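Here are a few friendly notes to read with the model open in your viewer.

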Amino acid sequence: KDSSYYSFERVNFVLKPDDPPKKTGWLVVLEEGYAKLYYKTDIYKIDPWGQLYLILDEGLPMNFLQKEGEHKAVLVALSVPRLLGMNTAIGSEKPFKTYAPVAFAEDEDLVNKIKNKIYSSQDIEEVVQIYNKYMDRK
């Protein structure tokens, strides 16, 4: 997404890294680079002024990560909408705590910050930006 448009891509996605890709859907591209970050919810709506609304239907919106050369995007974080008046929901940090250290393993400093809870699932866009900058320097 930039200031003038949103980019959607048709992506194979899974909930766990070892799952075979069975689901495909149109996901919003949030970050691009060595690792792409996607956002998925059940219904998307764009108002006449171009503002994208992510409408909850069933469950929480999800963030998926797909690294260069991989053929599926893996759930990396659940997104708890701030409009609900909470920063996290019960169980919403589990995908981030479980998969993020594995997904970003090349950057030890970033992994330590994740493990030490400096970053949470709410910081997923910033985490992916940091990781992509690290991978650009390699």
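The numbered points below go through the structure one topic at a time.

1. **Overall layout.** Please keep in mind that this is a predicted model. The chain has 3 helices and 7 strands, and read from the N terminus the elements follow the order β-β-β-β-β-β-β-α-α-α. Of its 138 residues, 41% count as buried. If you look at contacts with a separation of 6 or more, 47% of those in the chain are between residues 24 or more positions apart.

2. **The largest nonpolar core.** This core holds 21 residues, and Leu65, Val76, Phe96, Phe104, Ile114 and Ile124 have the most contacts inside it. Which elements give two or more residues to the core? They are strand E3 (35-40), E7, H1, H2 and H3. H3 provides the largest share, with 5 residues. A further core of 10 residues lies apart from this one, and its members include Val11, Tyr38, Met62 and Leu75.

3. **Phe104 and the aromatic cluster.** Leaving aside neighbours within four places in sequence, Phe104 is in contact with Leu65, Val76, Leu110, Val111, Ile114, Ile124, Val127, Val128 and Tyr131. Phe104 also belongs to one aromatic cluster, together with Tyr34 and Tyr131. A search of the whole structure gives 3 aromatic pairs.

4. **Helix H1 and its cover.** Helix H1 spans residues 94-103, and its buried residues are Pro95, Phe96, Tyr99, Ala100, Pro101 and Ala103. In an α-helix there are 3.6 residues a turn, so residues three or four places apart point the same way. What covers the buried residues of H1? The cover includes strand E6 (62-67), strand E7 (73-78), helix H2 (108-115) and helix H3 (124-137).

5. **The second largest pocket.** Rolling a probe the size of a water molecule over the atoms shows where empty space is left. The second largest pocket has a volume of about 220 Å³. Its lining is made up of Leu15, Lys16, Pro17, Leu75, Leu78, Lys94, Pro95, Thr98, Tyr99 and Val102. H1 gives the most to this lining, with 5 residues, and E7 and H1 each supply at least two. By type, the lining residues divide into 7 nonpolar, 1 polar and 2 charged.

6. **Leu15, a lining residue in a loop.** Leu15 is one of the residues that line the second largest pocket, and its place is in the loop between strand E1 (8-14) and strand E2 (23-31). Is Leu15 exposed, partly exposed or buried? Leu15 counts as partly exposed because its relative accessibility is 46%. Not counting residues up to four places away in sequence, Leu15 touches Met62, Phe64 and Leu75. Two of these, Met62 and Leu75, are among the residues of the core of 10 residues. The C-alpha atoms of Leu15 and Val74 are separated by 5.9 Å, although these residues are 59 apart along the chain.

7. **Leu60.** Leu60 sits in the loop between strand E5 (52-55) and E6. At 26% relative accessibility, Leu60 counts as partly exposed. From C-alpha to C-alpha, Leu60 and Leu78 are 6.4 Å apart in space and 18 residues apart in sequence.

8. **Lys113 in H2.** Lys113 is found in helix H2, and its relative accessibility of 29% makes it partly exposed. Leaving out residues up to four places away in sequence, Lys113 touches Ile118 and Tyr119. Lys113 and Val127 are 14 residues apart along the chain, and 9.7 Å separates their C-alpha atoms.

9. **Lys117, a backbone check.** Most residues other than glycine have a negative phi. Lys117 is not a glycine, yet it has a positive phi of about 65°. Where is Lys117 placed? Lys117 is in the loop between H2 and H3. Lys117 counts as exposed, because its relative accessibility is 64% and the cut-off for exposed is over 50%.

Note on methods:
Residues are numbered from 1 along each chain as its sequence is written. This is a predicted model: local features need pLDDT of at least 70, side-chain atom pairs count only at pLDDT 80 or more; totals for chains, interfaces and linings use all residues. Side-chain values use heavy atoms; hydrogens and water are left out. Rings of Phe, Tyr and Trp (its six-membered ring) pair if their centres lie within 6.5 Å; planes under 30 degrees apart count as stacked, over 60 as edge-to-face and the rest as tilted. Buried means under 20% relative accessible area, exposed over 50%, partly exposed in between (1.4 Å probe, protein chains only). Helices (H or I, at least four residues) and strands (E, at least two) are DSSP runs, numbered from the N terminus. Contact means heavy atoms within 4.5 Å. On a 1 Å grid over the protein atoms alone, a cavity is a set of points where a 1.4 Å probe fits but cannot get out, and a pocket is an open set with protein on both sides within 12 Å along at least five of seven lines; lining residues have an atom within 4 Å of a point. Grid points are joined across faces, edges and corners, and a volume is the space filled by probe spheres set on the points. Ala, Val, Leu, Ile, Met, Phe, Trp, Tyr, Cys and Pro count as nonpolar, Asp, Glu, Lys and Arg as charged, and the others, Gly among them, as polar. A nonpolar core is a set of buried Ala, Val, Leu, Ile, Met, Phe, Trp, Tyr and Cys residues joined through side-chain atoms within 4.5 Å.
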